[in-house]
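Biologist: I'm new to this one and would like to learn how to read it. Could you walk me through it, feature by feature?

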Amino acid sequence: MTNQESTGAQTGGAQAGGAQTGAVRYETVDRSYFEKRGLKRYAGVASLWALGVGAVISGDFSGWNFGLGAGGFGGLFYATIIIMIMYLGLTFSLAEMSPAMPHTGGAYSFARSAMGPWAGFITGLTENVEYILTPAVIVFFISTYMGSIFETPAAAMPLWWAGFYLLFVGLNIVGVEMSFRISVLVTVLALAVLAIYWISAIPHFDMALALNIPPAEGHSAWLPFGVEGILKAMPFAVWFFLAIEQLPLAAEESHDPKRDMPKGILLGMFTLILTAFLTLFLVAGVGGGSATMGSSGEPILDGFRAFYGEGLAKLLALAAVIGLVASFHTIIFAFGRQIYSLSRAGYFPRGLSVTHGTRKTPHLALIAGAVVGFAVMIVIWLTTDTSVATTVIGTTLLNMAVFGAMLSYLLQAISFIVLRVRLPHIERPYRSPLGIPGAVLTAGIAIVTLGFQMQDAAYRQAVLPVAVWILIGLAYFLIWGRHKLVLSPEEKFALERGKAAYESH
């Protein structure tokens, strides 16, 4: 946030001076409040593209392939198209909302402007679950790879988690320049690994292997489980695109968010569409085919083994780790900015938004998010039978993260629709060509995906702690937080535009 922005937000807060606005109260803050919470502008289109693609790219390395077992190749193919449509609706909506409201709050700030502070906070909580737990899922997979490479005993796995958290939180604290440079580097390297895989796979591709799952009675090899298989594969197709929506969180660190943010989001989305379909075909149609790849914990690595044998297994495993590291690093960036924004506005304890005195990075928010994610992993580790702990941790964390993501997509789509209706005259440097119908599609597909996820007993078990976290957050806001809000840029924008819309009617 620039000094000019800080001053403007502070002035608005002073004018509010403890005023009551509906069910919330804004406290007066002085200029030093925002001076202690400044951010640096650094990112251009290339950095934003790398941040978006890097956050997602680990999904090409693992997770999506379980959809082959759930729906067969054809089922996952159609599911990927449906989920792609959901994310296109979401990203086009974000491409419109983010330059219109270029604040670090991202999804929270959109919902706050559209539906008020309660909706903003609920959206912030759901996104908080996604961004804190997704890196935990990824570092779990990283440690699994590293443990296999270096033959680490299972009891030592938490040391890998702690080591990677310390390294990449530290790199994010060093400075925004360092964060974005690393994002670009690891994203390009991860794409290079995938490109090497695709080129290696083409001579081995056989469509018959992709269709080698025996069909259930009355169904075909293309759709071995019928339409139900498509629906059951949808949650797994999400992994091709999960976390692209984090880009608006970098708005206040972008040189020109009104110009660059739409370009970065859409370029990232179309990159991910290309990687998704190349990976789907060139993994399912090689090696043991869909029947084998549908249950693999490391499908890209299994493909490499099929091409080059076991001799290169450890080297190839290290290459696969690059994709996981790219997402781990970039989503740590995301939860730091998300916690920072909610804290700066008073929804979370305000101390979490203080930035480093010289580096201007939200170091306390980064540390807090990492501690919570690591603590959740340790709790699951200590309360689970050691013989199944590694499987349970990955599955539980993944399901919790996806549940939070689907809820946030639904709320962001609703925010877009409400903003189009309630605030039609705000400046929109970019307008979504899909408009309200695109947002409706996003909301509808998110609801269907949630519905089919809830049919999974393991998923339902993971939903409970997320629901408890949201309820604890809402209780905190009801009792304390709603009386301690501050006119951050997001809040100031929402109040001013809301007042203008009210007066125009």
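This is a predicted model: local features need pLDDT of at least 70, side-chain atom pairs count only at pLDDT 80 or more; totals for chains, interfaces and linings use all residues.

Biologist: Which residue does the side chain of Lys-484 meet in a salt bridge?

Modeller: Look for a Lys or Arg nitrogen within 4 Å of a carboxyl oxygen of Asp or Glu. Here the partner is Glu-27, with 3.0 Å from N to O.

Biologist: Which residues are linked with Glu-27 in a network of salt bridges?

Modeller: The network links Glu-27, Arg-350 and Lys-484. The side chains of Glu-27 and Arg-350 meet at 2.8 Å, N to O. Arg-350 belongs to the loop between α14 (313-344) and α15 (363-382), so its pairing with Glu-27 joins parts 323 residues apart in sequence. Glu-27 is partly exposed, with a relative accessible area of 22%, and Arg-350 is partly exposed at 22% too.

Biologist: How many salt bridges does the structure hold?

Modeller: There are 16 salt bridges. Another one to look up is Arg-497 with Glu-496, at 3.4 Å from N to O. Arg-497 is partly exposed at 30%, and Glu-496 is partly exposed at 39%.

Biologist: Now the rings. How many aromatic pairs does the structure hold?

Modeller: It holds 34 aromatic pairs. To read a pair, check the angle between the planes: under 30 degrees counts as stacked, over 60 as edge-to-face. Tyr-42 and Phe-180 have ring centres 6.0 Å apart and planes at 25 degrees, so they are stacked. Tyr-42 is in the loop between α2 (31-35) and α3 (45-56) and Phe-180 is in helix α8 (residues 176-201), so the pair links distant parts of the chain, 138 residues apart.

Biologist: Is Phe-180 buried or exposed?

Modeller: Under 20% relative accessible area means buried. Phe-180, at 0%, counts as buried, whereas Tyr-42, at 24%, counts as partly exposed.

Biologist: And what does an edge-to-face pair look like?

Modeller: Take Phe-77 and Phe-281: their centres are 5.9 Å apart, with 80 degrees between the planes. Phe-77 lies in helix α4 (residues 66-100) and Phe-281 in helix α11 (residues 257-284), so the contact ties together parts that are 204 residues apart in sequence. Phe-77 counts as buried at 17%, and Phe-281 is partly exposed at 26%.

Biologist: Which residues form one aromatic cluster?

Modeller: Find Phe-150, Trp-160, Phe-164, Tyr-165, Phe-168, Phe-328 and Phe-374, which form one cluster. A ring can also have a charged group over its face: Arg-37 lies over Tyr-33, at 3.7 Å from the ring centre.

Biologist: Last topic, helices. How does the span of helix α17 agree with its 19 residues?

Modeller: Helix α17 (residues 435-453) should span 27 Å at 1.5 Å a residue, and its end C-alpha atoms are 28 Å apart, which agrees.

Biologist: Which residues of α17 are buried?

Modeller: Start with the general idea: an α-helix has 3.6 residues a turn, so residues three or four places apart point the same way. The buried residues of α17 include Gly-435, Gly-438, Thr-442, Ile-445, Thr-449 and Gln-453. Ala-439, Ala-443, Ala-446 and Leu-450 are buried as well.

How values were computed
Residues are numbered from 1 along each chain as its sequence is written. Side-chain values use heavy atoms; hydrogens and water are left out. Rings of Phe, Tyr and Trp (its six-membered ring) pair if their centres lie within 6.5 Å; planes under 30 degrees apart count as stacked, over 60 as edge-to-face and the rest as tilted. Helices (H or I, at least four residues) and strands (E, at least two) are DSSP runs, numbered from the N terminus. Buried means under 20% relative accessible area, exposed over 50%, partly exposed in between (1.4 Å probe, protein chains only). A charge sits over a ring if NZ of Lys or CZ of Arg is within 6 Å of the ring centre and within 35 degrees of the ring normal. The expected span of a helix is 1.5 Å times one less than its number of residues.
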